[in-house]
Amino acid sequence: MLRATYNEEKGMWYLNGVKRFITNGDAQIKLVLARSEEGTTDGRGLSYFVHDQKWGGVKVRRIENKLGIKGSPTCELVFTNAPAKLVGERRLGLIKYVMSLMNGARLGVGAQSVGLSEAAYREALKYAHERAQFGKPIIQFPAVYEMLAVIKSKLQASRALLYETTRYVDLYKAYGFLAQERKLETEEKAEAKKYQKLADMLTPMLKLMSSEYCNQNAYDSLQIHGGSGFMKDYPIERIYRDARITTIYEGTSQLQVVAAQRYVTNGGYLGLMKEYASLPVRADYEQISKTIVEMTAQYEKAVELIAGKESDYIDFHARRLVEMASHIVMSYLLLIDAQRDSSYDNSLQIFVAKSKSWNDERYTYLKEFSPCQLSSFLAVKEETVPQA
Ligand SMILES: Cc1cc2nc3c(=O)[nH]c(=O)nc-3n(C[C@H](O)[C@H](O)[C@H](O)COP(=O)(O)OP(=O)(O)OC[C@H]3O[C@@H](n4cnc5c(N)ncnc54)[C@H](O)[C@@H]3O)c2cc1C
């Protein structure tokens, strides 16, 4: 962590230390989190600073050699008495400013992931039409068209979640701008709070699911390319490598689960599902809507299974539960989309059927899991790497 010290005489902050993995670290203006409060060890001792390249003191020591996103320079920066100005208030660097920035960045990675899924789908579709085997285009084989249709359903599901999340972000931000012009009415304040909560709830879900889906989609798209997919001749090998970072930066998938799991235990996700369930449904979509409502009831029972359990036990099952919630939320969103536009219909049918089986598997695992089974997993902590 960088250290920031204030020079009373010069009325300026100075930064010292090293920062690794900084995207576009060679940029003119850098926003930097640094420890400004001596003797502190937690997030409350960190403040936010701005540094301008023209003030000097920052060197790009190395540009990382990466698996993917090679067009985006990832730098190791060395700060040596680099002048900087404080942004906002001291001590709020992490807990206020970076947290808010991070939510925006997670939304960005969510959108990046949807873009990668779209690219993976297009490449797979094109190749599956062009490539012939056993006298016919490979798209004619059930194994291939199933993969393609599932790629498309995950793509459309994650795009629906992206639009829903960004809609809530837009709404609460709009109230924020309005509040700068005039005092908000009580009702408006309540709405702004509601939309902010929905945005906070859906952002980690979006980051988790769309990044995992773009990796799965890139994997399946490469598989559809067969041996050609392994070669540098087709764009899919780059898409496959570029997708890999999305589950890592701006918080790994595991940390998205940590951010999302509170909405499993406090009923936030269930409340949202029930709101979707209360929307009117066209007669021709009643059957599929019933399936999603049943999945919601199963999710509610799954949450009851972990209620009151030790935090380690809840953490152990958290991803299962967040994924169950995500499948249901995306199913409802596709149901809404399909009723507006029939081009979503096939993806709705596929995604709901798949989600039902994914959730059945998770529910069965959770229901049949006894706390003493945890010891089989804990045993790995005692393992060491054998000496060569
Ligand atoms: C290409 C690239 C660009 C980047 N750009 C930037 C940038 O511009 N600015 C910036 O500040 N950072 C940047 N980063 C850093 C990036 O955000 C981190 O690498 C990422 O958040 C993961 O942190 P870590 O590498 O320290 O992994 P670790 O935190 O060490 O994680 C290692 C493993 O442990 C797991 N883990 C860790 N903590 C927990 C937990 N509490 N619960 C469960 N599992 C856990 C993780 O999920 C992961 O599987 C970049 C990284 C890369 C690779």
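1. In this predicted model, strands β1 (residues 3-7) and β2 (residues 12-23) are paired antiparallel through 5 bridges. Ala4 has Leu15 of β2 as its bridge partner. The hairpin that β1 and β2 form has 4 residues between the strands, and Gly11 adopts a positive phi near 60° there.

2. An unreviewed UniProt entry annotates residues 5-81 as "domain: Acyl-CoA oxidase/dehydrogenase middle". Over residues 5-81 the chain is 56% strand and 0% helix, with its end C-alpha atoms 9 Å apart.

3. The largest nonpolar core comprises 73 residues, and Tyr269, Met273, Tyr299 and Val329 have the most contacts inside it. At least two residues of this core come from each of α1 (93-130), α2 (142-181), α3 (186-224), α5 (253-265), α6 (268-277), α7 (286-306), α8 (311-340) and α9 (345-367). Helix α8 provides the largest share, 15 residues. Domain 2 (94-251) and domain 3 (264-369) each contribute at least three residues to this core.

4. Which residues does Tyr299 contact, leaving aside its neighbours within four places in sequence? They are Tyr263, Val264, Tyr269, Leu270, Met273, Leu321, Met324, Ala325 and Ile328.

Terms used:
Residues numbered from 1 in each chain as written. Predicted model: local features only at pLDDT ≥ 70, side-chain atom pairs only at ≥ 80, totals over all residues. Heavy atoms only, no water. UniProt positions renumbered as here; feature names shortened; annotations may be inferred. Core = buried A, V, L, I, M, F, W, Y, C linked by side-chain atoms within 4.5 Å. Buried < 20%, exposed > 50% of the residue type's maximum accessible area, 1.4 Å probe, protein only. Domains from an automatic or database assignment. Contact = heavy atoms within 4.5 Å. Pairing = 2+ DSSP bridges.
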